[in-house]
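Please open the structure in your viewer and keep the sequence panel at hand.

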Amino acid sequence: MSTVLPGLMIDHARRPEQRVEEGAAVTQVALLGADLPGLRPKLLCAQGDRVGRGQALFHDRANPEVVIVSPGSGIVDTITLGPRRSLSALVIRLDPDEHEPAPTGVATSTDKIRETLLAKGFWPAFLTRPYGRIPAPDAVPEAIFVNVTLDNPHAPDPRVVLRDQGDAFPAGLKAIAHLTSGTVHVCQTSGTDLAAGCGDRIRGSFFPESQASGLSGTHIHRLHPVDQNRSVWSIGYQDVAAIGKLIETGIHDFSRIVALAGPRARQPRLIRTIAGANLQELIREETLPGDHGSPLCVVSGSLTNGRQASWLGRYHQQITLLDDVAPQSRISKGGLLGLFCRTSSQPAPLIPTVALERALAFGVPVVPFLRALSVGDAETASRLGCLEMVEEDVAAVSMACSSGADYGRMLRHVLDELAEDA
């Protein structure tokens with residue numbers, strides 16, 4: 001047993017069982033605006049429309065080639081818009097009798113692979129550094145980083161997830177190598193090199209198991225630092241395997257293997273579900289009763305970098321179930337900050353501590369950096385290294401800081417400002 005957060009104990013012996021089982025069937029999935037940074041949607045469907053798996057639902061107004069597709073067949077149930085007609089959520093009620101769609105053509109050339117990933121809705125699997133946005137359709141990164149690491153002990157073991165994928169993962173690595181003239185870095189923990197035999201530009205890089213070493217920002221900072229004039233992309237290993245399957249067979253695979261974890265999980269284990277799954281349906285048989293009847297808190301993601309949610313996030317590979325120890329609070333985008341932050345409206349002071357200095361793995365002066373974020377000083381934050389980061393990179397800082405501030409939200413405001421000025 002070890003303390004992860006104040007007031008919350010996690011039993012590290014209750015790690016997810018490392019074999020994949022089928023999760024409960026879900027009747028709804030959702031596409032969330034929170035998972036599409038920088039994208040302004042133009043809808044291609046309306047409430048009540050019937051859609052098929054892989055059908056385009058909306059595209060980016062600025063880059064119409066970037067489309068978001070349906071992960072399953074069914075009916076568009078609801079479309080909820082946010083401020084300035086941004087997308088909050090698009091919910092699809094799935095057809096229980098969905099049939100496997102016919103495979104599409106197999107892509108081989110560089111141009112055809114790019115065209116296929118754009119048209120089939122896999123382009124949002126990539127995120128840029130700097131700015132943490134979906135790449136422009138004609139962009140060419142200096143390198144691509146594939147994250148095959150764990151950012152916490154309860155995340156799925158990537159080697160277990162990929163074990164039954166056949167040649168899909170290496171095929172995906174070879175496909176995405178067509179998108180850059182640089183290196184594809186396959187960042188992984190100890191074990192057989194998953195990049196072996198995939199080509200000279202596809203290289204395995206090994207990192208120790210730790211929270212910081214499980215983040216793409218750490219990999220990029222160590223191997224290929226970025227700035228306004230140097231751009232790389234990151235992508236998760238499950239998306240690479242799905243791309244490999246699409247390129248090799250023409251089959252859309254929107255399944256996602258996630259870890260059930262946390263003190264309220266009946267049996268921590270790995271389950272197969274679908275992208276954007278309704279979490280209440282998925283975990284309905286998976287929870288333990290709470291202490292003293294405490295309500296359940298369902299987190300899409302990890303304790304550090306998750307968010308209280310009703311739907312599985314686009315980039316999340318973990319569902320954490322725990323007691324909602326502060327029902328009036330809410331989990332922020334940057335982690336479980338809302339459960340433990342002060343309820344006072346007065347801001348608390350930012351006190352330098354050893355834990356705070358160790359929470360950011362980029363070698364920047366932490367306190368000046370956080371102060372720059374706090375006041376929205378984009379120029380200073382950029383000079384101090386924010387262009388290498390996205391929200392997940394500062395989630396641990398938010399939890400370690402005495403101020404109770406959500407630095408992930410502040411960082412996103414700064415990055416968006418810098419991206420608009422670029």
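**First stop: the second largest pocket**

Begin by selecting R53, L94, E98, T273 and I274, which lie nearest the centre of the second largest pocket, a site lined by 24 residues. A pocket here is an open set of points on a 1 Å grid over the protein atoms alone, where a 1.4 Å probe fits, with protein on both sides within 12 Å along at least five of seven lines; lining residues have an atom within 4 Å of a point. The model is a predicted one, in which local features need pLDDT of at least 70 and side-chain atom pairs count only at pLDDT 80 or more, while totals for chains, interfaces and linings use all residues. Residues are numbered from 1 along each chain as its sequence is written, and side-chain values use heavy atoms, with hydrogens and water left out.

The space in this second largest pocket is about 580 Å³, a volume being the space filled by probe spheres set on the points, with grid points joined across faces, edges and corners. Next, select residues 269-274: this is strand β17, which supplies three residues, the largest share of the lining of the second largest pocket. Strands (E, at least two residues) and helices (H or I, at least four) are DSSP runs, numbered from the N terminus. Coloured by class, the lining of the second largest pocket shows nine nonpolar, seven polar and eight charged residues. In this scheme Ala, Val, Leu, Ile, Met, Phe, Trp, Tyr, Cys and Pro are nonpolar, Asp, Glu, Lys and Arg are charged, and the others, Gly among them, are polar.

**Second stop: the largest pocket**

Then select β10 (87-94) and α12 (407-421), each of which supplies at least two residues of the lining. Which element gives the most to the lining of the largest pocket? It is α12, with seven residues. The lining of the largest pocket comprises 20 nonpolar, 10 polar and 14 charged residues.

Move to the loop between β11 (127-129) and β12 (143-148), where P130 is placed. A cis peptide bond joins R129 and P130, with omega about 10°. Y131 lies in the loop between β11 and β12 as well, and its phi is near 90°, a positive value in a residue other than glycine. Is Y131 buried or exposed? With a relative accessible area of 13%, Y131 is buried; buried means under 20%, exposed over 50%, and partly exposed in between (1.4 Å probe, protein chains only).

Now select R85, in the loop between β9 (74-81) and β10. R85 is not a glycine, yet has a positive phi of about 60°. R85 counts as exposed, at 56% relative accessibility.

S302 is found in the loop between β18 (296-300) and β19 (307-308), and counts as buried at 8% relative accessibility. Show its surroundings: leaving aside neighbours within four places in sequence, S302 is in contact (heavy atoms within 4.5 Å) with D151, N152, Q318 and T320. From S302 to T320 the C-alpha distance is 6.2 Å, although they are 18 residues apart in sequence.

**Last stop: the whole protein**

Finally, select everything. The protein has 12 helices and 20 strands, and 56% of its 422 residues count as buried.
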